[in-house]
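I want to look up some charge pairs and a pocket here.

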Amino acid sequence: MTRSTRQRTQPRRVAAWTGVASVGYALTLTVATDHLYLFAIPGMLCLVTVVAVAVLRVQRAPVRVTDARDVRAVLRRHRAVVGWRYGTLLALAVASCSVPLLLDVAVLYPLVGVGLVTAILLHSVVAAQVCLLRHCSRVLAGYEPRSASVHVILALDRGRLCVRVGRSPRMVARGVARLGPESSGDGRFAGDDELGGVLVTASGDLALLVPQDGAERARHRSRADAERKDRERRAGLDRLHP
């Protein structure tokens with residue numbers, strides 16, 4: 001599914017998830033009844049699931065960039081978007097926890113659970129994103145970006161891809177946003193063709209690349225000279241895993 005197709009189907013998905021969340025919220029209110037209170041359990045599970053999906057979709061949505069050729073500008077853009085999304089969702093989480101308690105309205109108390117789930121999941125996702133962006137920054141400090149041809153081989157779990165950059169061995173690509181087949185095409189790559197690096201696709205996606213085959217990676221490293229190994233170490237590529 002292309003990015004434009006996903007954008008066209010998004011309003012229908014939002015409406016569907018909103019309906020599910022409304023049903024879940026309504027079920028949680030049965031906790032105040034004498035005979036239907038057990039329905040509050042599936043209601044809360046439903047509500048928590050919807051909130052988790054929403055947080056992941058917002059925080060891992062594609063980042064729009066104006067110029068995919070400037071890799072460092074793309075990195076700065078991703079940092080800014082991650083921070084803005086984090087601040088927005090955190091503010092919503094704080095409001096969900098505090099408003100029901102301040103107003104002391106019983107029907108709003110389920111929102112406290114929503115806020116807690118949002119905050120916990122949000123910090124977990126953002127911590128991984130910040131770590132990835134730091135790795136990208138370190139790689140860009142040691143390697144200069146250059147043009148490269150990107151070929152997507154197959155999609156992996158958790159929004160990752162198996163790709164080949166030029167004639168490089170197979171690499172596992174993971175980014176701030178979920179990556180898709182549109183990552184194929186001309187892009188910009190900074191790093192070592194055989195040991196990993198940072199990729200910006202033509203669509204503006206930022207990805208950290210790590211060789212998929214550990215044995216093949218070790219073989220390439222054993223053939224590298226001292227200068228190449230030192231450059232890999234300073235860029236932090238030797239510590240990365242698929």
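Predicted model: local features only at pLDDT ≥ 70, side-chain atom pairs only at ≥ 80, totals over all residues.

I started with helix α6 (residues 226–234), where Asp230 and Arg233 sit three residues apart, about one turn of the helix. Helices here are DSSP runs of H or I, at least four residues, strands are runs of E, at least two, and both are numbered from the N terminus.

Residues are numbered from 1 along each chain as its sequence is written, and side-chain values use heavy atoms, with hydrogens and water left out.

Entry: I checked the Asp230 and Arg233 pair and found a salt bridge, with the closest N and O atoms 2.6 Å apart. The term means a side-chain nitrogen of Lys or Arg within 4 Å of a carboxyl oxygen of Asp or Glu. Asp230 also meets Arg234 in a salt bridge, at 2.9 Å from N to O. Arg234 and Asp230 are four residues apart in α6, again about one turn of the helix.

Then I looked up accessibility (buried is under 20% relative accessible area, exposed over 50%, partly exposed in between, with a 1.4 Å probe and protein chains only). Asp230 comes out partly exposed at 30%. Arg233 is partly exposed too, at 42%, and Arg234 gets that label at 45%.

**Entry: other salt bridges.** I found Asp67 paired with Arg69, the closest N and O atoms being 3.0 Å apart. Asp67 is partly exposed at 31%, whereas Arg69 counts as exposed at 64%. Elsewhere, Asp157, Arg158 and Arg160 are linked in a network of salt bridges. The count for the structure is ten salt bridges.

**Entry: second largest pocket.** I read its volume as about 280 Å³. Of the 15 lining residues, Val51, Ala54, Leu92, Val114 and Thr118 are the closest to its centre. A pocket is an open set of points on a 1 Å grid over the protein atoms alone, where a 1.4 Å probe fits and protein lies on both sides within 12 Å along at least five of seven lines; lining residues have an atom within 4 Å of a point.

Which helices supply at least two residues each of this lining? They are α1 (3–28), α2 (40–59), α3 (71–103) and α4 (110–142). The largest share, six residues, comes from α2. I also sorted the lining by type: 13 nonpolar, two polar and no charged.

Note on methods: Points joined across faces, edges and corners; volume = space filled by probe spheres on them. Nonpolar A, V, L, I, M, F, W, Y, C, P; charged D, E, K, R; others polar.
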